[in-house]
Amino acid sequence: MTKSVIICAAGSSTRMGGKVRKPYLKLRGKPILAWTVGALSKLSGVTEIIIVTRPDDRKRARAMAKLAKMPKGVKLRFTDGGARRQDSVYNGLKATAAETELVLIQDAARPFPPAEAMEKACETAAELGGAILACRVKDTVKRELQVNEATCSGQTGMSAPPRIETTIPRAGLWLAQTPQVFRREMIIA
């Protein structure tokens with residue numbers, strides 16, 4: 001099946017902080033974006049990679065993507081990011097070739113998705129319409145008790161420490177990862 005890859009690189013990296021956003025940080029001498037492009041471009045059936053960026057990052061992203069040394073025949077294109085991640089993904093979807101059968105949506109800052117897992121996700125998406133990579137929750141997960149901070153602390157304006165309401169059972173919980181894979185016509189619809 002023909003595959004298009006959308007790599008989302010337009011985010012602000014606010015949770016991480018710092019002056020350089022995650023896709024442009026270096027890892028073992030290469031920008032993370034280059035590692036991500038390289039990993040996904042080698043997946044069987046990939047015909048194009050669309051990198052969703054901020055307009056002012058386009059030149060830098062293009063230079064970094066060239067470091068990936070993509071296989072011949074894989075086209076590299078760019079489109080603008082949106083206000084939210086879902087807007088950026090939609091812009092990427094609109095940029096995919098009409099004849100594409102499967103679309104993989106990948107975060108630029110996740111450079112090493114396992115090739116075997118990606119192939120399996122593609123097989124599943126071809127059969128069922130969509131699939132994601134995910135791993136089981138291993139950590140203990142707690143739910144915070146929702147209380148009025150003013151009454152909890154005894155003084156207005158003082159912040160109370162969070163209180164644990166319950167431990168959430170891990171059984172059946174998964175952490176979603178990327179790529180997310182869909183039949184093109186289904187995700188666009």
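**A close look at helix α4**

A: Let's start with what's tucked away: in α4, the buried residues are Met118, Ala121, Cys122 and Ala125. Look down the axis of α4 and these buried residues fall within an arc of 100°, so they line one face of the helix. There's a general rule behind that kind of pattern: an α-helix has 3.6 residues a turn, so residues three or four places apart point the same way. Keep in mind that this is a predicted model.

Now turn to the other side. The face of α4 turned away from its buried side carries exposed residues, namely Glu116, Lys120, Glu127 and Leu128.

How about the length? α4 covers residues 115–128. At 1.5 Å a residue, its 14 residues should span 20 Å, and the C-alpha atoms at the ends are 20 Å apart, which agrees. Just after α4 comes Gly129, which takes a positive phi of about 105°.

So what lies over the buried side? The cover for the buried residues of α4 includes β1, α1, β6, β7 and β10 (174–183). One of these, α1, is worth a stop. In α1, 8 of the 10 residues are buried, so the helix is largely enclosed by the rest of the structure. Those buried residues are Ile32, Leu33, Ala34, Thr36, Val37, Gly38, Leu40 and Ser41.

In soluble globular proteins, nonpolar side chains tend to be buried together. Here the largest nonpolar core has 27 residues, and Ile7, Leu33, Val37, Ile49 and Ile51 touch the most other members. Two or more residues each come from β1 (3–8), α1 (32–41), β4 (46–53), α2 (58–66), β6 (102–107), α4 and β7 (130–136). Of these, α4 gives the most, with 4 residues. There's also a second, separate core of 8 residues, and among its members are Ile6, Cys8, Ala10 and Val103.

Leaving aside its neighbours within four places in sequence, Ile49 is in contact with Val5, Ile7, Val37, Leu40, Ser41, Met70, Val74, Lys75, Leu76 and Arg77.

Back on α4, there's a charged link to find as well. The side chain of Glu119 meets that of Lys3 in a salt bridge, at 3.8 Å from N to O. Glu119 lies in helix α4 and Lys3 in strand β1, so the pair ties together parts that are 116 residues apart in sequence.

Another joins Arg77 to Glu48, with the closest N and O atoms 2.6 Å apart. Arg77 lies in strand β5 and Glu48 in strand β4, so this pair ties together parts that are 29 residues apart in sequence. Arg77 counts as partly exposed, at 33% relative accessibility, whereas Glu48 is buried, with a relative accessible area of 3%. A further salt bridge brings together the side chains of Arg60 and Asp57, at 3.1 Å from N to O. Arg60 is partly exposed at 35% relative accessible area, and Asp57 is buried at 4%. Then there's a network: Arg85, Asp107 and Arg110 are joined by salt bridges that share partners.

While you're around β5 (residues 75–80), have a look at Thr79, which lies in that strand. Thr79 is buried, with a relative accessible area of 18%. Not counting residues up to four places away in sequence, Thr79 touches Ile50, Ile51, Val52, Thr53, Arg58, Asn91, Gly92 and Ala95.

Finally, step back to the whole protein. It has 6 helices and 10 strands, and buried residues make up 36% of its 189 residues. Among contacts between residues at least 6 apart in sequence, 74% join residues at least 24 apart. The accessible surface of the protein comes to about 11400 Å², and 53% of that belongs to carbon and sulfur atoms.

Terms used:
Residues are numbered from 1 along each chain as its sequence is written. This is a predicted model: local features need pLDDT of at least 70, side-chain atom pairs count only at pLDDT 80 or more; totals for chains, interfaces and linings use all residues. Side-chain values use heavy atoms; hydrogens and water are left out. A nonpolar core is a set of buried Ala, Val, Leu, Ile, Met, Phe, Trp, Tyr and Cys residues joined through side-chain atoms within 4.5 Å. Buried means under 20% relative accessible area, exposed over 50%, partly exposed in between (1.4 Å probe, protein chains only). Contact means heavy atoms within 4.5 Å. The expected span of a helix is 1.5 Å times one less than its number of residues. The arc is that of the directions from the helix axis to the C-beta atoms. Accessible areas come from the Shrake-Rupley method with a 1.4 Å probe; for residues, only the protein chains shown count as cover. A salt bridge is a side-chain nitrogen of Lys or Arg within 4 Å of a carboxyl oxygen of Asp or Glu.
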